[in-house]
Amino acid sequence: MVEQLTADGALDYPAKFRAYIVRTTQALLAHVPSSVNPPWDERICTRLLHTLSFALAVDGAWPATRDLLFQVTSEMERTGQWHRWLPYLHQGIQHSRRLADQSACAELCFHLGVFYRALAKYEEAEKWLHESLAHYRALDDRRNQGKVRNRLAFLERLCGRPHLAQQSAHCALQLLDAHDDERAVSYSILATVAYDQFEWPVAADYYAQALAIYERNNNLRMKGRVLADLAIVQGKLGMNGAAIASFEDALALLEHLHLPIQVALARMNLGSLYLGMNQPQQALLQYNLAEPVLRAAHDLRRVAFVLSNQGIAYRYLGESGLAIQTLVESIRCAQQTQNFELLVNIYDELGMTHRVLGQEDDAQLAFEQAVNHLQMVENPSAQSHYATVIAAHRIAVA
């Protein structure tokens, strides 16, 4: 091997170090575990992140660094390590901009937007998704424009803008090929909007269309996710047996594929089905399995949802003091997400729980908070539904 020398004949140690980083990054890329394997152990993650921290400062390592970023991003998303990965995505975007790698910049901006959405940082998520969309437009990449449009639609739905969510999903459908998995994402988003508007049969039809695409393409990961979503709607339609069967099929798939976040979400929603069936002990079993996984992922929106339903379950079991404690913690989490519909629901449940304890003044204060937050809910169907529910609860003094 020829030593790298400076102009005066001395060894060029910085150049040797850069060459070492390039070789190490290329070697890691060749041997990094596939995402179909069980989650990487901490030793592998630490080595990857340590190498990337150096590789992101070496221009010559960029091709391998870029590909390693994409592969590790998939694993971090799969295991919910959103906080841990944010700095590397930011650095990757800065590097891709400096090297004028627009395609890489578009993809990294996309993932950053998805991660911020998962962390309930909706303004940040929207900013990065729009930057990704602008890059894909410049590249005339229709498929990836559709992909970003779908994530913007999901974000708009979370922000209580159902009509914009529908528009974005339909725009994505116009950009995507007939059997593309991304079309199934569009149908799933349209299903969630229909669900939010209490249109259960419409939601079920959209989920069926999504499921058909994933089955045709043998996408087991997404099939498992959609099965779990379909199960929620089946429960709303009163098809409890079918819903439990769908949840069990989804959990079997998602556990086999080592997708801990998706397993936790399926358990969370299975818990809600049991709660609706007046089986609070069964519900708590599922919630207690889901909660630590969602906490570890800093998914505050879903942690708040789980806590609120745990509170309801405790009330059903006659443990109203513990129910109030849990609901108050749920409110603290929900306040950090700016999800006003969720806050309305939790305050309403808090009011009902205070009433069970004979604390009518506290109950009325909680109902008043629910009404105050209701004004910030943009979804007309949800606003009308909760207005009716809260009005009935405020006057129904036990």
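These notebook entries record what I looked up on cysteines and salt bridges in a predicted model.

**Entry 1: ground rules.** I numbered residues from 1 along each chain as its sequence is written, and I used heavy atoms for side-chain values, leaving out hydrogens and water. Because the model is predicted, local features need pLDDT of at least 70, side-chain atom pairs count only at pLDDT 80 or more, and totals for chains, interfaces and linings use all residues.

**Entry 2: cysteines.** I searched for disulfides (a pair of cysteine sulfur atoms within 2.5 Å) and the count was 0. I then looked up exposure (buried is under 20% relative accessible area, exposed over 50%, partly exposed in between, with a 1.4 Å probe and protein chains only). Cys 159 is partly exposed at 21%, and Cys 171 is partly exposed at 24%.

**Entry 3: salt bridges.** I counted 16 salt bridges, each a side-chain nitrogen of Lys or Arg within 4 Å of a carboxyl oxygen of Asp or Glu. Side chains of opposite charge can pair when their charged atoms come close.

**Entry 4: pairs between helices.** I took helices as DSSP runs (H or I, at least four residues), numbered from the N terminus.

- Arg 97 meets Glu 131 with the closest N and O atoms 2.7 Å apart; the pair joins helix H4 (residues 82-98) to helix H6 (residues 122-138).
- Asp 196 forms a salt bridge with Arg 157, also at 2.7 Å; Asp 196 lies in helix H9 and Arg 157 in helix H7, so the pair ties together parts 39 residues apart in sequence.
- Arg 315 and Glu 349 form a salt bridge at 2.9 Å, N to O, and both residues are buried.

**Entry 5: a network.** I found Arg 66, Asp 67 and Asp 101 linked in a network of salt bridges.

Technical notes: Helices (H or I, at least four residues) and strands (E, at least two) are DSSP runs, numbered from the N terminus.
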